[in-house]
Amino acid sequence: MIAGARGVLPILVGVIPFGLVAGAAVIQAGLGMAEAIGMSVFVFAGASQIAATTLFGGGAPLWVALGTALVINARMFIYSTSIAPLLSEAPGWLRPILGYMLVDQNYASTMTEGRYREDVSVIWYYFGGGAALWTVWQISTIVGALAGPFIPASWGLEFAVPLVFLAMLAPAMKDRTGVGVALVTGVASAVLVPVLPLQSGLIVAILAGMVFGAWADRPKPGEAK
C-alpha cells in the first residue's frame with residue numbers, strides 16, 4: 001500500500017488544485033456542502049464532477065448533467081478492461097472497492113509502474129494509490145467548497161486540470177509507441193470532440209490510440225510472438 005501511495009505522490013500535487021476547483025464548482029452551481037461532499041464520495045471523478053455541476057448550474061436538465069458525466073466516465077470501461085487481468089487474484093469482497101478506486105491517476109500509476117514491481121503486490125499497490133488519491137481528493141474538494149468563493153479568479157486554478165493529466169501522460173511516453181499513441185489520441189480528440197455529440201469524440205479518440213498502439217507493437221517479421 002505504501003508503495004502505491006508513493007507511486008501517485010507526484011500526481012497528488014496537481015490533484016489538490018483540481019479538487020479545489022471541483023469543490024468550488026459545486027458551490028458556484030448553487031448547491032451546498034452536503035452535495036459537495038456527496039459528489040466527491042459517490043462520484044469520485046473530477047472531470048465528471050466539474051462537467052455535471054457546471055451543466056446543472058447553467059440550468060441544464062438533470063438527465064443531461066448525469067448523461068454527460070456518464071459519457072465522460074465511459075473511458076473507465078476501457079481502463080477496467082485493460083487492468084482487470086492484473087487484479088484478477090483479488091478476493092471477492094475487495095473487488096467492488098478496487099472498482100471504486102479506478103480513476104485516471106491510479107490507473108496510470110499502476111499500469112506504468114506498479115505492474116512492473118516485483119517487490120510488491122500489484123493489488124495492494126493499486127489499493128494504496130487509490131486510498132491516497134481518495135483521501136487527498138475528499139479533503140481538497142471540501143476545502144474548495146469552503147474557500148472557493150474567497151479564492152481570487154486570478155489564481156487560475158483551472159489550469160490544474162490539464163496539468164494533472166499531462167503529469168500522468170509523461171511517464172507513459174517512454175518509447176516511440178507511447179509517443180505515437182499520445183499524438184494519435186491527442187489529434188483525434190482535437191478533431192472529433194468538437195464535432196461528435198455528447199463528448200463521444202473522446203471515446204473514439206481513445207479507441208484510435210489503442211488501435212494505433214496495437215498496430216505499432218504488432219510482431220514484426222522474424223520476431224518471436
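This is a predicted model: local features need pLDDT of at least 70, side-chain atom pairs count only at pLDDT 80 or more; totals for chains, interfaces and linings use all residues.
## The cavity

The count of cavities of 30 Å³ or more comes to one. The space in the largest cavity is about 170 Å³. Its lining is formed by 16 residues, and those closest to the centre are Phe44, Ala45, Gly46, Val103 and Gln105.

Several helices give two or more residues to the lining of the largest cavity: H2 (9–28), H4 (46–57), H6 (75–83), H8 (104–112) and H9 (122–147). Helix H4 provides the largest share of this lining, with three residues. By residue type, the lining of the largest cavity holds ten nonpolar, four polar and two charged residues.

## The fold

There are twelve helices in the chain and zero strands. Along the sequence the pattern therefore reads as α-α-α-α-α-α-α-α-α-α-α-α, where helices are DSSP runs of at least four residues. The chain has 225 residues, and buried residues make up 42% of them.

Is Met1 buried, exposed or partly exposed? Met1 counts as partly exposed because its relative accessibility is 48%, and partly exposed residues fall between the 20% limit for buried and the 50% limit for exposed.

Technical notes:
Residues are numbered from 1 along each chain as its sequence is written. Side-chain values use heavy atoms; hydrogens and water are left out. Buried means under 20% relative accessible area, exposed over 50%, partly exposed in between (1.4 Å probe, protein chains only). On a 1 Å grid over the protein atoms alone, a cavity is a set of points where a 1.4 Å probe fits but cannot get out, and a pocket is an open set with protein on both sides within 12 Å along at least five of seven lines; lining residues have an atom within 4 Å of a point. Grid points are joined across faces, edges and corners, and a volume is the space filled by probe spheres set on the points. Ala, Val, Leu, Ile, Met, Phe, Trp, Tyr, Cys and Pro count as nonpolar, Asp, Glu, Lys and Arg as charged, and the others, Gly among them, as polar.
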